[in-house]
Amino acid sequence: MIATVKTVQEIYGQPDTWRACLRVLRRLDLQLLVGDRQPSEFQWVFVGCGTSYYLAQAAAATFTILTGKLARALPASEILLFPELSLPSPESAFPVLISRSGHTSEVLAVADFLKERGIDFLALTCDGNELATSTRRVLQLPVREESTVMTGSFTSMLMAMQFLAARLVGNEQFLAELDQLPASVEPLLAKYGEQLEKFAQRPFEDVAVLGQGALYPIASEVALKVMESSSSYAQYFHTLEFRHGPKSIIDDRALVIGLISEAGAEQELKVLREMKELGASTIAIINRATPEAHKAADLLVELSSSQAPLTLLVAYVVWGQLFGSYVGLAKGLNPDEPTNLTRVVTF
Ligand code: F1P
């Protein structure tokens, strides 16, 4: 069945999807997309729903770090329901509306909200649809994803926002490292795919995904993938926060997935090890494995990259996408047809 599951095929096909997107990104028209809306003059506010909201958070983290100007992320519904709280001075903001489908009602309603107030915004999408006609500033990527859940669309749109941030500040090294992603992740898929599939046969009840810094939104997305693709309940936390209460859920039916950063590796691995000692099964995703990482993890995914940590966000999420699908398959579910979920949410 696995070979015929579209979602799994699309996850494995991501390096090629990224290559196609990078070809488009190299020809970006910055004047059209950004013009005078530079991060030094306007606060960039990334907006989306579901996976596109976590993508918004990862994009905001990237913009903040690369430009040195605070960028924010909001679920579209917050702007609709609580505009005075979420967007108190919209005229000084540059919203970036993110939607794979370009058809999600909440995002389209935010586009209307902004247009009514004369606020310029950028649209980031794959399918295009109404969102692509709502503004002259449109970045549409060549990703044709059939799956209900977002996989290659998430990684490609995140890569696009990282590319845009690096272009705006002229960070050539960052751009060159993004270019290396397809070649560095491809062999890892062959190496770790089967191990994750085998690990997913274990019967878990509680899943917690941990990450800090720019890896926190990636942890959020990994948990969402596990929920969507396998109808299992998964939560996400800042890694060190997990010790302040949530660890009460840990026993031998729990799984903890740690996305280990370079800056916080020592403390984050301590948390993972503690959860393993309390009985949890553990997976660590880390760039360079250390003896501590081996002790803390039942399954270790090592990215082995010489790229800067921020360019590796996309490389961290792939394993959660695969794992979610494999857990779904192990439970006898079809990840192509997630329970209660449609490809686009409208109201
Ligand atoms: C957003 C989204 C997806 C989710 C599901 C429903 O879609 O919430 O994240 O997996 O498919 O829609 P979009 O606005 O990016 O098209």
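Helices (H or I, at least four residues) and strands (E, at least two) are DSSP runs, numbered from the N terminus. Keep that in mind while we look at how side chains meet in this predicted model, where local features need pLDDT of at least 70, side-chain atom pairs count only at pLDDT 80 or more, and totals for chains, interfaces and linings use all residues. Residues are numbered from 1 along each chain as its sequence is written, and side-chain values use heavy atoms, with hydrogens and water left out.

**Charged partners**

Let's start with salt bridges, where a side-chain nitrogen of Lys or Arg sits within 4 Å of a carboxyl oxygen of Asp or Glu. Searching the whole structure turns up 19 salt bridges. Here are some of them:

| Pair | N to O distance |
|---|---|
| R26 and D179 | 2.8 Å |
| R137 and D120 | 2.9 Å |
| E221 and K225 | 2.6 Å |

What do R26 and D179 tie together? R26 is in the loop between α2 (14–25) and α3 (30–33) while D179 is in helix α10 (residues 172–199), so their bridge joins parts 153 residues apart in sequence.

How open are these residues? For relative accessible area, buried means under 20%, exposed over 50%, and partly exposed in between (1.4 Å probe, protein chains only). R26 is partly exposed at 47%, and D179 is partly exposed at 33%. R137, on the other hand, is buried, at 3%.

E221 and K225 share helix α11 (residues 215–230), sitting four residues apart, or about one turn of the helix. Both E221 and K225 are buried.

There's also a network of salt bridges linking D36, R37, D120, R136 and R137.

**Ring partners**

Next come the rings of Phe, Tyr and Trp (its six-membered ring), which pair if their centres lie within 6.5 Å; planes under 30 degrees apart count as stacked, over 60 as edge-to-face and the rest as tilted. The count by this rule is 12 aromatic pairs. One of them is W44 with F94, an edge-to-face pair at 4.9 Å centre to centre with 75° between the planes. W44 belongs to strand β1 (residues 43–48) and F94 to strand β3 (residues 93–99), 50 residues apart. W44 is buried at 1% relative accessibility, and F94 is buried at 0%.

**A charge over a ring**

Finally, a charge sits over a ring if NZ of Lys or CZ of Arg is within 6 Å of the ring centre and within 35 degrees of the ring normal. R117 does this over the face of F113, at 3.7 Å from the ring centre.
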